[in-house]
Amino acid sequence: MEKIEIKPDIFWVGGIDWDIRNFHGYSTNRGTTYNSYLINDEKITLVDTIKPKFIGEMLSRIKEIIDPKKIDYIISNHVEMDHSGSLPEIAKICPNAKIITSTRGEKGLNKHYKDNLNLKVVDSGESLNIGKRNLTFVHIPMVHWPDSMVTYVKKDKLLLSNDSFGQHIASQERFDHELEWGVLKEEAAKYYANIVMPYGSQVEKALSSIQDLEINMIAPSHGIIWKTHIDKIVNEYKKWAKYESEQKALIIYDSMWGSTEIIANVLREGINEIGINVSIRNLKNTHISDIISEVLTTKLILLGSPTLNNGLLPTMGGFLSYMKGLRPKNKIGFVFGSYGWGGQAVGEIEKIIRDLSWDIPIQNININYIPTEDDLKNIKNIGNKLGNYLKK
Ligand code: FEO
């Protein structure tokens, strides 16, 4: 195992999860890392622990630097078990260590680990001296849980940002300049869309609470460490937090006997004719967590399902349930589908996007059995109108 010095006397001592492909329902095609950091100052400080399966990997990295018994402080920036799961075990190894957490963190850790931890609660803005360094804690509730906080190390201009600015990437590389920006942006967007998207206003507050800090490195709890592309990733976060998206379209659908698929393709042609870039995703073939990251960055979203048993196809039902929880805002929506009798699917989709306050400029289309030539002309015309509406 190899520890990595990210700043003088500050080390990455995390674990690399090469194999994980499902992170509570989010498809992690590139795996992930659980990043812990050790600050070797007069008071030795560990920032975040790790998923229990990786405790051996973390300890072996720590042992390259110091005897883990000597750890004085453990900062628990976040209660979720990928970062706190090994706290009870680490606390046994270094029984004198105080565990620093937020007010909500104290509640969460006690619920998880039954009052057995030596906790010290810090307020937002409070600092802790560990020798040459002061650590400042900033609470960032709901980015990702109510307990979430970040730790700022002024001396090193380093922000230990926990889940914020994370990406699920397992790699030998630790720094952003070692990987392509396109890959980093894609994974950071996917992470934001699937983990943080419901909390745009909290992200804006978090960004404003750190905007006056001098920062030349952001070290999150997943993925690579930002030092070359800090401005770029902070700008992306600002856009995502405001629910800004690009002038393009995304068609999300599933089909039973092909009619809804025909409608999807004709809508795509109609929108394309106006010069708008369109992606088309069949829910049978693309994971919902990948589709959601496209929803994050796309302004015009079209959703289509045939009616099955008086309702939605289960793939669309599952997708809508996931999307409803992530609450994408500031979208233009359009709904389409087909049916033999009943025809309830389009209404069910429309209700969900109305509840999300999406702009729905054109009445849905619901085709009985098979679209006719006239239907197809009308559908293409609707695609044209949607493209023009998006361009306005
Ligand atoms: Fe990486 Fe919200 O935990």
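Reader: Where is glycine 311 found in this model?
Author: This is a predicted model, and in it glycine 311 is found in the loop between strand E19 (298–304) and helix H10 (314–326).

Reader: Is glycine 311 buried or exposed, and how do you know?
Author: Its relative accessible area is 9%. Buried means under 20%, so glycine 311 is buried. Not counting residues up to four places away in sequence, glycine 311 touches Pro306, Gln344, Ala345 and Glu348.

Reader: Thanks! Now to serine 27: what makes it count as buried?
Author: Serine 27 has 7% relative accessibility, which is under the 20% cut-off, so it counts as buried. Its place is in strand E5 (residues 26–27). Leaving aside residues up to four places away in sequence, serine 27 touches Arg21, Lys190, His287, Ser289 and Asp290.

Reader: How far apart are serine 27 and isoleucine 39?
Author: They are twelve residues apart in sequence and 32 Å apart in space, C-alpha to C-alpha.

Reader: Two of the residues that serine 27 touches are Lys190 and Asp290. Why is the pair of lysine 190 and aspartate 290 called a salt bridge?
Author: Happy to go through that one. The N to O distance between the two side chains is 2.7 Å. A salt bridge needs a side-chain nitrogen of Lys or Arg within 4 Å of a carboxyl oxygen of Asp or Glu, so lysine 190 and aspartate 290 qualify. Lysine 190 lies in helix H5 and aspartate 290 in helix H9, so the pair ties together parts that are 100 residues apart in sequence.

Reader: What describes the way helix H5 and helix H7 meet?
Author: Two packed helices are described by the angle between their axes and the distance between the axes. Here the axes of H5 (residues 181–196) and H7 (residues 230–241) come within 11 Å and cross at roughly 35°. The crossing of H5 past H7 is right-handed. H5 contributes Trp181, Lys185, Ala188, Ala189 and Tyr192 to the contact, while H7 contributes Lys232, Ile233, Glu236, Tyr237, Trp240 and Ala241.

Reader: What makes lysine 185 and glutamate 236 a salt bridge?
Author: The closest N and O atoms are 3.9 Å apart. That is within the 4 Å limit, so the pair counts as a salt bridge. This pair links distant parts of the chain, with lysine 185 in helix H5 and glutamate 236 in helix H7, 51 residues apart. Lysine 185 is partly exposed at 28% relative accessible area, whereas glutamate 236 is buried at 10%.

Reader: How many salt bridges does the structure hold?
Author: It holds 18 salt bridges. Among them is the one between lysine 248 and glutamate 246, with the closest N and O atoms 3.5 Å apart. Lysine 248 has a relative accessible area of 22% and glutamate 246 one of 41%; both values lie between 20% and 50%, so both residues are partly exposed. Arg30, Glu186 and Glu187 are linked in a network of salt bridges.

Reader: Which residues form a nonpolar patch on the surface?
Author: Trp341, Tyr369 and Ile370 form it, with about 430 Å² of accessible area together. Tryptophan 341 lies in the loop between strand E20 (332–339) and helix H11 (345–355). Its relative accessible area is 65%, over the 50% limit, so tryptophan 341 is exposed.

Methods: Residues are numbered from 1 along each chain as its sequence is written. This is a predicted model: local features need pLDDT of at least 70, side-chain atom pairs count only at pLDDT 80 or more; totals for chains, interfaces and linings use all residues. Side-chain values use heavy atoms; hydrogens and water are left out. Patches are made of residues with over 30% relative accessible area and no salt bridge: like charges are joined within 9 Å, nonpolar side chains (Val, Leu, Ile, Met, Phe, Trp, Tyr) within 5 Å. Accessible areas come from the Shrake-Rupley method with a 1.4 Å probe; for residues, only the protein chains shown count as cover. Helices (H or I, at least four residues) and strands (E, at least two) are DSSP runs, numbered from the N terminus. Buried means under 20% relative accessible area, exposed over 50%, partly exposed in between (1.4 Å probe, protein chains only). Axes are lines fitted to C-alpha atoms, for helices over the stretch in contact, and angles run from 0 to 180 degrees between N-to-C directions. A crossing is left-handed if the near helix is turned anticlockwise from the far one by less than a right angle, and right-handed if clockwise. Contact means heavy atoms within 4.5 Å.
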